[in-house]
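This report goes through selected features of the structure shown below. Each heading takes up one topic.

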Amino acid sequence: MRSVATAGAVLVTLAGFYAQSGAPLDLSAHRLIDLTHAYSPRTVYWPTSPTKFTLDRLSYGKTDGGYFYAANSLCTPEHGGTHLDAPIHFGEGKRTAEQIPLEQLIAPAVVIDVTARATADRDYRLTREEVLAFEKRHGRIPAGSSVLLRTGWSRHWPNAKAYMGDDTPGDASKLSFPGFGVDAARLLVEERRAGAIGIDTASIDYGRSTDFMVHRVAAAQNVPAFENLTNLDQLPATGATIVALPMKIEGGSGGPLRAVALVRR
Ligand SMILES: [Zn+2]
């Protein structure tokens, strides 16, 4: 898949190819990368979250009928673990989880690697200049792409103190981790028309943010976000395809997300 093509062009090209050939997508030509942390009692949530992920066993074992049967009940806040932020999370009247077009969830991925900078400064924010420098090396970011910020932060998962900068329950005032800067976010969603943005930290806004401007800038353009991604180090800067399908919650402001990437071998 050409990294310089727009998402729309890619979809049209694929649709045309498969319509002509009748062949299914050749998955053997791709590596499948899991960008998702598993949900468990260790899943990291925002410190003010009243609850975490819970999995209650409803059944486990042999039934009266002689066969094995297992089933659980799960409960989780929408925003924790690898999850979606729907535009309505910070945008009144914007799209809820089930309203996000699939074209914004399955799209060419662009990965901006700032691991070195974030390692040197845990309050690092991506700048507009760095996005432009990335484009000098890799070409203009196509409209419709998912722009993923690789900070290297998932190496801290699930150590909440290292990952969030502070693990005091109920207190979000001392968080510290890298994120998108506001000017970079404006460039990506307003000028480049990214379909989605994502990051391997707990928030697209850096940890010290108190106004959540990156969330607000993205929400205003109906751009969803993917947070707490992992394995971004296994993706090329351009050329991968992300499939980021959240739980389809009617009216949801976000929700658990299973994100994978297809990388051509
Ligand atoms: Zn969120």
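Predicted model: local features only at pLDDT ≥ 70, side-chain atom pairs only at ≥ 80, totals over all residues.

Glu135 belongs to helix H3 (residues 128-138), while Arg192 sits in the loop between H5 and S9, so that the pair links distant parts of the chain, 57 residues apart. Both partners fall below the 20% limit for a buried residue: Glu135 counts as buried because its relative accessibility is 10%, and Arg192 counts as buried because its relative accessibility is 9%.

The whole structure holds eight salt bridges. One of them pairs Asp34 with Arg258, with 2.7 Å between the closest N and O atoms. Asp34 lies in strand S1 and Arg258 in strand S12 (residues 254-264), so this bridge ties together parts that are 224 residues apart in sequence. Asp34 is partly exposed, at a relative accessible area of 28%. Another salt bridge is formed by Asp113 and Arg150, where the closest N and O atoms are 3.4 Å apart. The two residues are 37 residues apart and link distant parts of the chain, with Asp113 in strand S5 (residues 106-113) and Arg150 in strand S7 (residues 146-150). Asp113 is partly exposed, with a relative accessible area of 42%.

Thr230 is located in the loop between strand S10 (225-227) and strand S11 (240-246). Its relative accessible area is 10%, so Thr230 is buried.

## Helix H6

Helix H6 (residues 213-220) is mostly covered, as six of its eight residues are buried. The buried residues are Met213, Val214, His215, Val217, Ala218 and Ala219. Their cover includes strand S4 (83-85), strand S8 (179-180), helix H5 (182-191), strand S9 (196-199) and S10. Just after H6, Asn222 has a positive phi of about 60°.

## The S2-S3 hairpin

Strand S2 (residues 54-62) and strand S3 (residues 68-75) run antiparallel and are joined by eight bridges. Within this pairing, Thr54 stands opposite Cys75 in S3. The two strands form a hairpin with five residues between them. Gly66, in the turn, takes a positive phi of about 95°. In a regular strand, side chains alternate between the two faces of the sheet.

## A nonpolar surface patch

Leu25, Leu27 and Leu32 make a nonpolar surface patch of about 280 Å². Leu25 is placed in the loop between helix H1 (7-21) and strand S1 (30-34). With 41% relative accessibility, Leu25 counts as partly exposed.

## Confidence

The mean pLDDT of the protein is 94, and 92% of its residues reach 70 or more. Over residues 1-5, pLDDT stays under 50. For residues 1-5 the model has 12 contacts beyond four places in sequence.

How values were computed. Residues numbered from 1 in each chain as written. Heavy atoms only, no water. Patch = residues over 30% accessible without salt bridge, like charges linked within 9 Å, V, L, I, M, F, W, Y side chains within 5 Å. Areas by Shrake-Rupley, 256 points an atom, 1.4 Å probe, with all protein chains shown as cover. Salt bridge = Lys/Arg side-chain N within 4 Å of Asp/Glu carboxyl O. Helix = DSSP H or I, 4+ residues; strand = E, 2+ residues; numbered from the N terminus. Buried < 20%, exposed > 50% of the residue type's maximum accessible area, 1.4 Å probe, protein only. Contact = heavy atoms within 4.5 Å. pLDDT = per-residue confidence, 0-100. Pairing = 2+ DSSP bridges.
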